[in-house]
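Let's take a walk through this protein together, starting with the whole chain and then stopping at a few spots. Have a look at the picture first.

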Amino acid sequence: MPIRKLAALPLAVGALALSACSVEAGPTISGEDLAEAAADALEPQIGARADVDCGDDSIIVSQDKEVDCVTTDPATGEELDTTVTFTGVEGDDWNIQVEVAPAEVDEDGVAEEDQTESDDSAEDQGRLELPAEQLADEAANVLEAQNGSRPEIDCGSVNIEIYVDRQHFCTLTDPANGSEYATTITITEVDGSQFKFNVSVASEPN
């Protein structure tokens, strides 16, 4: 398939896998409940209760699944990218591991507040990132090509770092009846500024 150029991105994204849609099943948890669990895990480590936001959508629980969240530092109010990983999943029982990205600091040791500078730093390090809205749009393109109708997909509004096996969790709205389904987008291949992904949609609505 020809590589598609996305004008909204500083890096080209393409090579979409049109036959990659599959169904993922498993227990689900709400984004709010996962955020509470993550805050519980962080509290004894940092000595204060952090505010964690993992979105409002339902999330399918599976071993080693990563969920993108945002933690607000209770001391500074700074928002930090956070990855919550499910571990030890057994039926409806599971554990999580929470990783909070360190704050960017300048030469004087002061945390950077300019998001644009942070994004430029990511590009300088050769990392591929794109807005979650753009990934949602590309996933909708894939499903529209397969099914003949275009669903609405909401993947949040954060920037996503793209690497192999990275999973991002979204909500798909069925255009026929408005039902919402937990949806997982998994990056399967990255080649420079191009990547492929699979789209997994839960078999039952939220």
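What percentage of the 206 residues of the protein chain count as buried? The figure is 37%, where buried means under 20% relative accessible area, exposed means over 50%, and partly exposed is anything in between (1.4 Å probe, protein chains only). Keep in mind that this is a predicted model, where local features need pLDDT of at least 70, side-chain atom pairs count only at pLDDT 80 or more, and totals for chains, interfaces and linings use all residues. Residues are numbered from 1 along each chain as its sequence is written, and side-chain values use heavy atoms, with hydrogens and water left out.

As for the overall build, the protein chain has 3 helices and 13 strands. These are DSSP runs numbered from the N terminus, with helices being H or I of at least four residues and strands being E of at least two. Among contacts (heavy atoms within 4.5 Å) with a separation of 6 or more, 50% are between residues 24 or more positions apart.

Now for a buried spot. Ile153 is found in strand β9, and it counts as buried because its relative accessibility is 12%. Leaving aside neighbours within four places in sequence, Ile153 is in contact with Ala136, Ala139, Ala140, Leu143, Cys170, Thr171 and Leu172. Ile153 and Asp174 are 21 residues apart in sequence, and their C-alpha atoms are 9.1 Å apart in space.

Next, the charges. Glu32, Asp33, Asp51, Asp53, Asp56, Glu79, Glu133, Glu152, Asp154 and Glu180 form a negative surface patch. Patch members have over 30% relative accessible area and no salt bridge, with like charges joined within 9 Å and nonpolar side chains (Val, Leu, Ile, Met, Phe, Trp, Tyr) within 5 Å. Asp and Glu count as negative, Lys and Arg as positive, while His and the chain ends are not counted; the place of a charge is NZ of Lys, CZ of Arg, CG of Asp or CD of Glu. At least two residues of the patch come from each of α1 (31–46), β3 (51–53) and β9 (152–154). Glu180 sits in strand β12 (residues 180–191), and is partly exposed at 40% relative accessibility.

Side chains of opposite charge can pair when their charged atoms come close. The structure holds 7 salt bridges, each a side-chain nitrogen of Lys or Arg within 4 Å of a carboxyl oxygen of Asp or Glu. In one of them, Glu36 meets Arg49 at 2.9 Å, N to O. Glu36 lies in helix α1 and Arg49 in the loop between α1 and β3, so the pair ties together parts that are 13 residues apart in sequence. A network of salt bridges links Glu36, Asp40, Glu43 and Arg49. Elsewhere, Arg150 pairs with Glu144, with the closest N and O atoms 2.9 Å apart, and for Lys196 and Glu189 that distance is 3.9 Å.

Finally, a look at the backbone. Most residues other than glycine have a negative phi. Asp64, in the loop between β4 (58–60) and β5 (66–72), has a positive phi of about 70°. Asp165 has a positive phi of about 75°, and its place is in the loop between β10 (159–161) and β11 (167–173). Asp165 is exposed, with a relative accessible area of 56%.

Methods
Areas by Shrake-Rupley, 256 points an atom, 1.4 Å probe, with all protein chains shown as cover.
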